[in-house]
Protein chains: 2
Amino acid sequence: MKKSLQVTNYRYPLGYGTSLATCRHSYFFPKNPRYYYIFLEALEGITCLLTWNIITGGERMRALWRGSISFGLVNVPVKMYAATERKSLSFRQIHKTCGTPIRYEKVCPFCNRKVEDDEIARGYEYEKGKFVVIEEKDLESIPDETTRTIDIVDFVDLAEIDPVYFDRSYFLGPEETGQKAYLLLFEALKKTGKIAIAKVMIRSKQHLACVRPYGENRLVMETMFYPDEVRDAGEIPISPGVKLHENEIKMAVQLIDSLSADFRPEKYTDEYRKAMLDIIRAKVEGEEIKVPPGREEKVVDLMEALKASLEMVEKEKRKGPGVKRKKAATS
Amino acid sequence: MKKSLQVTNYRYPLGYGTSLATCRHSYFFPKNPRYYYIFLEALEGITCLLTWNIITGGERMRALWRGSISFGLVNVPVKMYAATERKSLSFRQIHKTCGTPIRYEKVCPFCNRKVEDDEIARGYEYEKGKFVVIEEKDLESIPDETTRTIDIVDFVDLAEIDPVYFDRSYFLGPEETGQKAYLLLFEALKKTGKIAIAKVMIRSKQHLACVRPYGENRLVMETMFYPDEVRDAGEIPISPGVKLHENEIKMAVQLIDSLSADFRPEKYTDEYRKAMLDIIRAKVEGEEIKVPPGREEKVVDLMEALKASLEMVEKEKRKGPGVKRKKAATS
DNA sequence: TTTATGGGCGAAAGCCCATAAA
């Protein structure tokens, strides 16, 4: 049975987190009560939920992995933090008639009944429709040389790596004992202009990764795709015999130049996300939703379009600073 | 009742895919039978499952979006292809007692029964435990200026964009009618050394993205995180007062130089994935699984470690050519 | 709690749910 949490009272922050005075209902009991002992003592045997953000007290970013960078024979103990967080809206599936969120039930189509987790094994499909059951202990025999280490294997230039290789980004923070080695790696990378290529195991998956300096004194790690995970662009069909006129290229280059700017990411916002939120808010408050008009079609001839684009950009520039460039076709 | 598929026979490849001669059991019927007509005709009314990879036959990359790049008033119609594919091993959940793959059934915990798809709506959780139902038509009122267009807003230098911004990569291929404009954009980007920053809607999500030249004559698009989705590395705790010795930096730089190489991605392979596959293969063939030994511990003192590392690298280099490491590269 | 991963789903890609880890 699920019960809800009641936190009535905070007390002195102490060490890692904040202790609580009272807590009435039970919910879940952590396997590793490392951060909970004060609380548990205070409650003398009452099993309690502590929500993690209360436990970690104020700490906005939580380490999701700990280990160390291995750089030659130098070891740099680090914590890993997610560098990005998706803000896209997510929805639940709702049962129309009663408004309840849908749940998934695991069923066996052969036995035609619900199946509990302890009746389930992991199977690898080695041949269409044929599965071998793989147990945890089978995989234990794999040499885990890189467990808990970010193993640097090479140093290369960042510009050499095509962005298609980049997967996820993580900030690395130094552990207390590794502050100096961390800074040393940062400074040395900065000085040489190199980035480190590394191998790292994160939760039973081996990643190719790179470690590079970020900002004033931080390190960031990108996990990377293996080369066989990057597809060959050559497979995309393209006509070989297309010729361009000198003049077309010249105009296109001119157009690019006139639209060149510095990369200032704060300029770009997710307008669709905002619009969705507005609609949702309106719906929650029972308002009407207005429908705006559509947009016009675009010019088609290449040279005409290039000329018209250039003229448009020029005209807008003449309007002077402070004017934001508008969409071409809407007008 | 669910039935399985039996494909007994392939026939002449024809147009988009490959048609099949016979198929005995029914399974699911696609809403859009565009690619199925030959097959369906051949079977005269028998409803059949065609797994997609059979249908698409030899075509390895399938376009997952079509639209056009809008560059000033120039329009470049393109198809979009995933540039990467994860090769990590995946497993199915298997019912232990009968070996059947598990399926999910959508249930309503309140009504306590199975729920069909047409009884399900999308709900946004605007407050803990409270949902507003959002219908497709609610979102239609959002101005979809960028629908089906990759709307170029700026041109910037690739080097200005920190890799943490990159999310997913997609190759763009020209539509038949847009070969010339496609090549023009490619050439102009190549010539100016710029990349295009764009906005694009993909499946009711607006993305920030960049378009850049790739290889000989292809364009690639990376979707990007919005700035508010990139966290502030400054939040990572770090000790301010750490000092490094000149000598330590010198040695670390030397170590990096001696481990510098060109980025040759084909050097790196997923050994863990391979090891897993070996074990699976062994299991399929009924072999024994061997357990290899562990590895040694590492040196701890920073200066000692740097020295020892340099010596180690030097020694390996003296072993002569054929060794993986390359000489320290330029600047 | 958040975050990542695993896994199923109407093809796929990405969305969704559930669970594990920290």
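Predicted model: local features only at pLDDT ≥ 70, side-chain atom pairs only at ≥ 80, totals over all residues.
Two strands count as paired here if DSSP finds at least two bridges between them.

**Entry 1**

I looked up the strand order and found an open sheet of 3 strands, S9(A)-S8(A)-S5(B), with antiparallel pairing. Strand S9 (130–134) of chain A and strand S5 (92–95) of chain B are at the edges; each has a single partner strand, so one side of each has no neighbour in the sheet. On average, neighbouring strands in this sheet are turned by 55° against each other, direction ignored.

I then checked the pairing between the chains. Strand S8 (residues 120–127) of chain A runs antiparallel to S5(B), over 4 bridges. Within S5(B), Arg92(B) is the residue opposite Gly123(A). Helix H6 (residues 271–284) of chain B packs on this sheet and touches S8 and S9 of chain A. The direction of that helix makes about 110° with that of S9(A).

**Entry 2: helix H6 of chain A**

I compared the length of H6(A) with expectation. At 1.5 Å a residue, its 14 residues (271–284) should span 20 Å, and the end C-alpha atoms are 20 Å apart, which agrees.

At the N-terminal end I found a cap: a side-chain oxygen of Asp270(A) is 3.3 Å from the backbone nitrogen of Tyr272(A). After the helix comes Gly286(A), with a positive phi near 75°.

Which residues of H6(A) are buried? I list Tyr272(A), Arg273(A), Ala275(A), Met276(A), Ile279(A), Ile280(A) and Ala282(A). Their cover includes parts of chain B, among them strand S8 (120–127), strand S9 (130–134) and helix H3 (136–140). Strands S12 (194–201) and S13 (206–214) of chain B also belong to that cover.

**Entry 3: Asp167(A)**

I located Asp167(A) in strand S11 (residues 166–174) of chain A. Its relative accessible area is 12%, and the cut-off for buried is under 20%, so Asp167(A) is buried. Its side chain makes a polar contact with the side chain of Arg86(B), at 2.7 Å.

**Entry 4: how the copies are related**

I laid chain A on chain B: the RMSD is 0.7 Å, with a turn of 180° and a shift of 0.0 Å along the axis. That is the relation of a two-fold axis. Glu105(A) is the residue of chain A that comes closest to the rotation axis, at 1.9 Å (C-alpha). Of the interface residues of chain A, 98% are also interface residues in chain B, so the copies meet through the same surface.

Technical notes: Residues numbered from 1 in each chain as written. Chains lettered and ligands numbered in written order. Heavy atoms only, no water. Least-squares fit on C-alpha atoms with pLDDT ≥ 70 in both. Contact = heavy atoms within 4.5 Å. Helix = DSSP H or I, 4+ residues; strand = E, 2+ residues; numbered from the N terminus. Expected span 1.5 Å × (residues − 1). Buried < 20%, exposed > 50% of the residue type's maximum accessible area, 1.4 Å probe, protein only. Polar contact = N/O pair within 3.5 Å; in protein donor to acceptor, adjacent residues only side chain to side chain. Axes fitted to C-alpha atoms, helices over the stretch in contact; angles between N-to-C directions.
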